[in-house]
Protein chains: 2
Amino acid sequence: MNASRREFLTTVSAGVAAGITQGGFFSGAHAAEDRKLGVALVGLGSLSTHQIAPALAKTQHCRLAAIVTGSPEKEKAWGDKYGIGPDHRYSYEAFDKIAGDDSVDIVYIVLPNSMHAEYTIRAAKAGKHVLCEKPMANSSAECNAMIAACQQMNRLLAIGYRCQFEPHHLKCMEIARSQEMGKLSRIDAGFGFTIGDPKQWRLRHQLAGGGALMDVGIYALQACRYLTGEEPVSVIAQETKTDPIKFAEVDESITWSMKFPSGVIATCSTSYNFNGLNRFRAYGEKGWFGMDPAYSYEGNRIETSNGKIELAQVDQFGTELDEFAKCIRENRPSRVSGQEGLKDILAIEAIYRSIQQRSLVSVS
Amino acid sequence: MNASRREFLTTVSAGVAAGITQGGFFSGAHAAEDRKLGVALVGLGSLSTHQIAPALAKTQHCRLAAIVTGSPEKEKAWGDKYGIGPDHRYSYEAFDKIAGDDSVDIVYIVLPNSMHAEYTIRAAKAGKHVLCEKPMANSSAECNAMIAACQQMNRLLAIGYRCQFEPHHLKCMEIARSQEMGKLSRIDAGFGFTIGDPKQWRLRHQLAGGGALMDVGIYALQACRYLTGEEPVSVIAQETKTDPIKFAEVDESITWSMKFPSGVIATCSTSYNFNGLNRFRAYGEKGWFGMDPAYSYEGNRIETSNGKIELAQVDQFGTELDEFAKCIRENRPSRVSGQEGLKDILAIEAIYRSIQQRSLVSVS
């Protein structure tokens, strides 16, 4: 990598080079401002197929440069479809060779949760910046290891919190920050859906680390955190299971409430057994605002006590990718950094602890 | 009273008399089908002034027959305004004399919560049916005493759950019962408002028994109970206080979740420190339905995953009064009986217990 970086330093503009000498964030030989950053997609499941690959094609600053898959069929099909030559197609076993692939700047990890830590660390060691899907990992210990690995290699780490770049969410953050509706008192938030195939990895504890809470409850948790701009202090939670066979290993439904330092209390819920819960609402001294639906890939809407607000719909994965590319170019940490991902996992661990202990717990 | 009842039996129709011989529910000498039942209003505060008295004037089966107040000014003003003669105006001290007032069939108690038990018991002992505002009382022990007193005197007792007779709520109960949206999995419900005058009785523990939970949280609790048709099994709750001076004696904000035998989990919240939280939403296998606003005196609306439902707006207090009159006429217990009021207080006690113990508790 050092060879590539040196070579690169001789070719890029002074402004960009200044960034690099501060942080050394560029990994590829061709990572100039006018070049799209190359993304290696790790895990070619449904999300990669239906959301991320189409989004990548629409980004300004990224392009699909490599694929990592355990399936020779997918390797061929994706390679042919997206024009990715054999040198940029990797099996999981051969993944570490990506270190020598200068076409790859970013490794985007779209694997089962239990594999996030391993592949983030391997990608960082290969000298790549890492965009890792949420939830960041199965435990805060893994999160810490991921952060440390990226810091050690001077690589950027971002978590796939697509909502944080979505115009309606950004507008809600602005309403919260400006106290347009007064000081916030309360937030209600929830996200759930009826999960299908009982054999999928999301229902296996070892792979998913948890159920609805890890997968979609995290959106409600995120919303409460970015609306308040605070970390929860205490949490109280309760779990229900109506289908103990399907949900033998992971949580089906959880409700929890979190207290924030400013006094805001948030009531949240998540589930894998019904559709339609996809919202948040924040109540201030002067009125309320929120979104419903809030966390969909498209069609999200703002409702307030003063009426509706409709903003442009964007490709959330594309925006997330472009924002990360800008962070790399501008040599600054992402707003959805590993630290941000860790904070959610700490709150999630507290929620599970509260369920287990049947009591109010602190978020440590 | 026996004399009156005997006299009455000679005048009413056979059908109604059949009811009376079973239960002996009529108290007044003139309580025939075509006579409006006389209501004594106990406590002439804001609710009586702005809601109940105007509602009474619109009822089919009731009329304002007497007033009970501690204020000589109110006694005169109300007496003059509603044509209530001096014989039907009572001070609290003289209240028990209402036993001899055959114009009064129903005593409607609109007093601070701590006085509900005393006046219900005194009214029952005076041979009157009792309609008591919610919350039924400050403790389940008081509720049990109220139920016992009314049973002993063979008087009907109903609690002022106006929503249970409101068309949108009735429609939602029907949607729940018919499983039109499939089996329910989850309910979110909340009711809160910014309470004004810091000197009012609602903020005094001795008078109110509790704060937002007792006063408006009970609507969210009720909604969860009548949507599921079940009693909560376990409860977990958390409290926040942003103004410890104003809310020194009672709860300002509480969030809680309740688990029901069918597996439904309900996330609820209530507050005295912000406006706009006035809703419930129930999620089933096939879709969701709910109301927002849900608990207002007027303007309540149904929203579902299939669209909006708008029904007639009714005078909720008037409907509640007429329904109680019909129960008395038809010699059957009210759907919002003392037992129903007790069930809410048992759940409320569990919520306060959970807050105190910082743990999950059973609803006993």
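Colleague: How do H5(A) and H6(A) run relative to each other?

Modeller: They are roughly parallel (angles under 35 degrees), because H5(A) and H6(A) pack at about 10°. Their axes, lines fitted to C-alpha atoms over the stretch in contact, with angles from 0 to 180 degrees between N-to-C directions, are 9 Å apart. This is a predicted model, where local features need pLDDT of at least 70, side-chain atom pairs count only at pLDDT 80 or more, and totals for chains, interfaces and linings use all residues. Residues are numbered from 1 along each chain as its sequence is written, with chains lettered from A and ligands numbered from 1 in the order written.

Colleague: Which residues make the contact?

Modeller: Among them are Ala117(A), Ile121(A) and Ala124(A) of H5(A), and Ala145(A), Met146(A) and Ala149(A) of H6(A). Contact means C-beta atoms, placed from the backbone, within 7 Å.

Colleague: Now H5 (residues 116-125) of chain B: why is it called largely enclosed?

Modeller: 7 of its 10 residues are buried, so the rest of the structure largely encloses H5(B). Buried means 20 or more other C-beta atoms within 10 Å of a residue's own, C-beta atoms being placed from the backbone.

Colleague: What covers the buried residues of H5(B)?

Modeller: The cover includes strands E1, E4, E5 and E6 and helix H6 of chain B.

Colleague: And what follows H5(B)?

Modeller: Gly127(B), with a positive phi near 85°.

Definitions and conventions
Helices (H or I, at least four residues) and strands (E, at least two) are DSSP runs, numbered from the N terminus. Angles under 35 degrees count as roughly parallel, over 145 as roughly antiparallel, 65 to 115 as roughly perpendicular and the rest as oblique. Two residues are in contact if their C-beta atoms, placed from the backbone, lie within 7 Å. A residue is buried if 20 or more other C-beta atoms lie within 10 Å of its own, exposed if 12 or fewer, and partly exposed in between; C-beta atoms are placed from the backbone.
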